[in-house]
Amino acid sequence: MKKLAAHWQILIALLLATLLASGFRALDGIFAEDDWGRGVMLNTITVCGFVGGLFIQALKMIIVPLVMSAIISGIASLGGVEGFGRLGLKTVGFYMTTTFFAVLVGLLLVNTIQPGLSGGEPDLEIRAALEQQAAGASDEEKEKVAVAGEKKAGDFADLFKKMIPPNVVQAASNNGQLLGLIFFSILFAVAMTQLPVDRMSPLSGSIQGIYDVMIRVTQWIMALAPIGVFGLMVPTIYESGVELFVVLGKYFGTVVVALGLHLFVVMPLVLKYIGKIDPLAHFRGMRMALLTAFSTASSSATLPETMHCIQNNAGVSKRISSFTLPLGATVNMDGTALYECVAVLFVAQVMGENFGLAAQFAVVVTALLTSIGVAGVPSASLVAILLILNSSGVKNADMAVVALLSVDRLLDMSRTAVNVFGDSCAAVCIARSEGEAIYATSD
Ligand code: ASP
């Protein structure tokens, strides 16, 4: 019997998890507090969450050795860093431009749809729903937002300080901030290429071996992805505050349509006209990475699969992908920047703060900059949102962010897919500009 393609397996897992979690939600109202049925249900959800957690942990486990070995062997296989400066400039330029496009899309939609207003006035029904949701939020959620509220703009700038890590082992201990590790790996690779051949070859061979091993491990982990995704999704959907989705329908709609515009219109145009790449073929090549990003809500955890897809399906060299993708997972977040912009202006609208052109411009700039510093982990951008709201003097920002946090997961999943797709577009466009024969060239 022919085996079902991996992306179908994941889609089926997503569907089954949605059905089961929705069933559980329906049973919630039927079971009494001490019903044995409720006990079975809650235990099932806990087991699912445990299995999903193991899946994410397995993906995270390989990030550090994968990133290091990919960068070092990628540079070493070319015998040096020739053209590396050019590659760096192109990558950073691409990331900044596309993130700027994303923010503009968000800005345009939030101003057109005005999800926080009703008849031109702050929507009081939404304000009351946010207040109610925040009042019922768990202590953990409140604590998370309180900690986030203490962050200052300087904490985001610290990211650049971390680029040269005072301790490599410590730098490698935070999957969300890979910049230090990337810098160290590039330095290591360059120094390695300057060793005499007899000293460099064994080292280079071993690191190449580590990379191959990591790719093999990625494949094993991804073979279990349908089970992992099912486990992740059951508690996520069960716990999502569906009631608030209805009141916040316009807000959710704005975010989803804006993300969709960026993903399905803006980036395909970039692929077609800048990269001369067939967008459909690229979507097809990246579908496993997109599904993984959607299910895990973490660009960092998705990185091994993104690298696998871009090298095997798109045919981008290790030299380019090993540099652009880890960097992208850390600093390039189109979906996040777009979301920050929409969320901040939405809260401002609900709270009756009138953001003029200058204030909106400030939001755009801060969303652009903070999206660079946001870690590639679930709900990371809420810290940046709170920072922008507080610095703009919006009242009750903490309350609004606590409420948004409790319904964040589905939006987080969607923006993470957009983040990962943006990284992959950079990799193929840059590879193409460097003369690599990408699978899906359209000219
Ligand atoms: N979860 C997102 C990511 O990993 C970051 C965020 O927007 O919260 O890319």
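Start by selecting residues 92–110: this stretch is 100% helix and 0% strand, with its end C-alpha atoms 27 Å apart. Helices here are DSSP runs of H or I of at least four residues, strands are E runs of at least two, and both are numbered from the N terminus.

Before you click on, remember that this is a predicted model, where local features need pLDDT of at least 70, side-chain atom pairs count only at pLDDT 80 or more, and totals for chains, interfaces and linings use all residues. Residues are numbered from 1 along each chain as its sequence is written, and side-chain values use heavy atoms, leaving out hydrogens and water.

**Stop 1: the annotated stretches**

Next, pick residues 178–197, which are 80% helix and 0% strand, with 30 Å between the end C-alpha atoms. An unreviewed UniProt entry lists "transmembrane region" at several places, including 92–110 and 178–197. Such annotations may be inferred rather than shown by experiment; the positions follow the numbering used here, and feature names are shortened.

**Stop 2: salt bridges**

The structure holds seven salt bridges (a side-chain nitrogen of Lys or Arg within 4 Å of a carboxyl oxygen of Asp or Glu). Show R86 and E434, whose closest N and O atoms are 2.9 Å apart. R86 sits in helix α4 (residues 84–113) and E434 in the segment after α21 (409–433), so this pair ties together parts 348 residues apart in sequence. R86 is partly exposed, at 47% relative accessibility. (Buried means under 20% relative accessible area, exposed over 50%, partly exposed in between, using a 1.4 Å probe and protein chains only.)

Now go to D408 and R415: is this pair buried or exposed? D408 is buried at 0% relative accessible area, and R415 is buried at 1%. Their side chains meet in a salt bridge of 3.1 Å, N to O. Elsewhere, salt bridges with shared partners join R86, K90, R319 and E434 into one network.

**Stop 3**

Finally, select V92, F160, L327, V331 and I372. Of the 18 residues lining the second largest pocket, these are the closest to its centre. (On a 1 Å grid over the protein atoms alone, a pocket is an open set of points where a 1.4 Å probe fits, with protein on both sides within 12 Å along at least five of seven lines; lining residues have an atom within 4 Å of a point.) Which helix gives the largest share of the lining? That is α4, with five residues. The lining has 15 nonpolar, three polar and no charged residues (Ala, Val, Leu, Ile, Met, Phe, Trp, Tyr, Cys and Pro count as nonpolar, Asp, Glu, Lys and Arg as charged, the others, Gly among them, as polar).
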